[in-house]
Amino acid sequence: MTHAEDESLDLRQRRTRQSLVRALEELLAEQTFQSLSVTDICQRAMVHRTTFYAHFNDKQELLRYLLLGVERRCVETCLPKDWSGEARDYFLTAARNVLDFFQSRRSLYRACLRSGADIDAHVLEDQAAEDLVQLLSQPRFHTAFPDSDPRITARFYTGAMLSLLRWWLDSEDPVPVERLIAHLEHFIPAL
């Protein structure tokens, strides 16, 4: 279900979805995704199984919905709004914001990795790349990247950033954000 479709739901339906997402997040911190059943999720959310199936086909779809919600909140909160500066500074600011965003959600991300649920992380990558394509297609970025295809550039930066995030969040001794940003300054060319 897309964000627009989600907004068409009434308040009760939105609350039910939020309750199911919270229940899945809590359960992922306690056990593996594979060991979870729809019944477990429904009991934690205090909703009936038929209510679950009115919203999602299976627990995999609920996980995708959770991940898309995380990605949507990341885009809404991490990408600078009304940016008028240099393209390079935009990307570095966005990278810092993304690192801060995921650092505060480290336990959920690690639970997904431990659970094997990271196989659906491609949902995040695909959506993030599409959002970046839209951004890079805007005139202010097109002038900074006049000869580049926004689809290729978006996939390159999204893949690199998500790989870095995965490694950083899964590390037992994560590198400080400032050190990561200092390295990113070397990788993002002057635009």
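User: At what angle do the axes of α6 and α10 cross, and within what distance do they come?

Analyst: The model is predicted, and what follows is computed from it. Two packed helices are described by the angle between their axes and the distance between the axes. For α6 and α10, the axes cross at roughly 35° and come within 11 Å.

User: Which residues make the contact of α6 with α10, and how do they divide into nonpolar, polar and charged?

Analyst: α6 passes α10 in a right-handed crossing. On the α6 side the contact is made by Ala95, Val98, Leu99, Phe102 and Gln103, and on the α10 side by Met161, Leu165, Trp168 and Leu169. By class, these contact residues divide into eight nonpolar, one polar and no charged.

User: Why are the buried residues of α11 on the same side of the helix, and which helices are included in what covers them?

Analyst: In α11, which runs over residues 177-187, the buried residues are Val177, Leu180, Ile181 and Leu184. Because these four cover an arc of only 100° around the axis, they lie on the same side of α11. On the other side of the helix, Arg179 and His186 are exposed. What covers the buried residues of α11 includes two helices, α6 (87-103) and α10 (150-170).

User: Is Thr158 buried or exposed, and which residues does Thr158 touch, leaving out those up to four places away in sequence?

Analyst: Thr158 has its place in helix α10. Its relative accessible area is 7%, and a residue under 20% counts as buried, so Thr158 is buried. Not counting residues up to four places away in sequence, Thr158 touches Glu125, Ala128, Ala129 and Leu132.

User: How are the rings of Tyr90 and Phe91 arranged?

Analyst: The count of aromatic pairs comes to seven. For Tyr90 and Phe91, the ring centres are 5.7 Å apart and the planes stand at 90°; since planes over 60 degrees apart count as edge-to-face, that is the class of this pair. Both partners are buried, Tyr90 with a relative accessible area of 1% and Phe91 at 10% relative accessibility, and their arrangement is edge-to-face.

User: What are the centre distance and plane angle of the pair formed by Phe101 and Phe102?

Analyst: Phe101 is buried, with a relative accessible area of 6%, and Phe102 also counts as buried, at 6% relative accessibility. Their aromatic pair is edge-to-face, with 5.1 Å centre to centre and 80° between the planes.

User: Which residues form one aromatic cluster?

Analyst: The cluster brings together Phe and Tyr residues. Its members are Phe52, Tyr53, Phe56 and Tyr65.

Technical notes
Residues numbered from 1 in each chain as written. Predicted model: local features only at pLDDT ≥ 70, side-chain atom pairs only at ≥ 80, totals over all residues. Heavy atoms only, no water. Buried < 20%, exposed > 50% of the residue type's maximum accessible area, 1.4 Å probe, protein only. Arc of directions from axis to C-beta. Contact = heavy atoms within 4.5 Å. Axes fitted to C-alpha atoms, helices over the stretch in contact; angles between N-to-C directions. Left-handed = near helix turned anticlockwise from the far one by under 90°. Nonpolar A, V, L, I, M, F, W, Y, C, P; charged D, E, K, R; others polar. Phe/Tyr/Trp six-rings, centres within 6.5 Å; stacked < 30°, edge-to-face > 60°.
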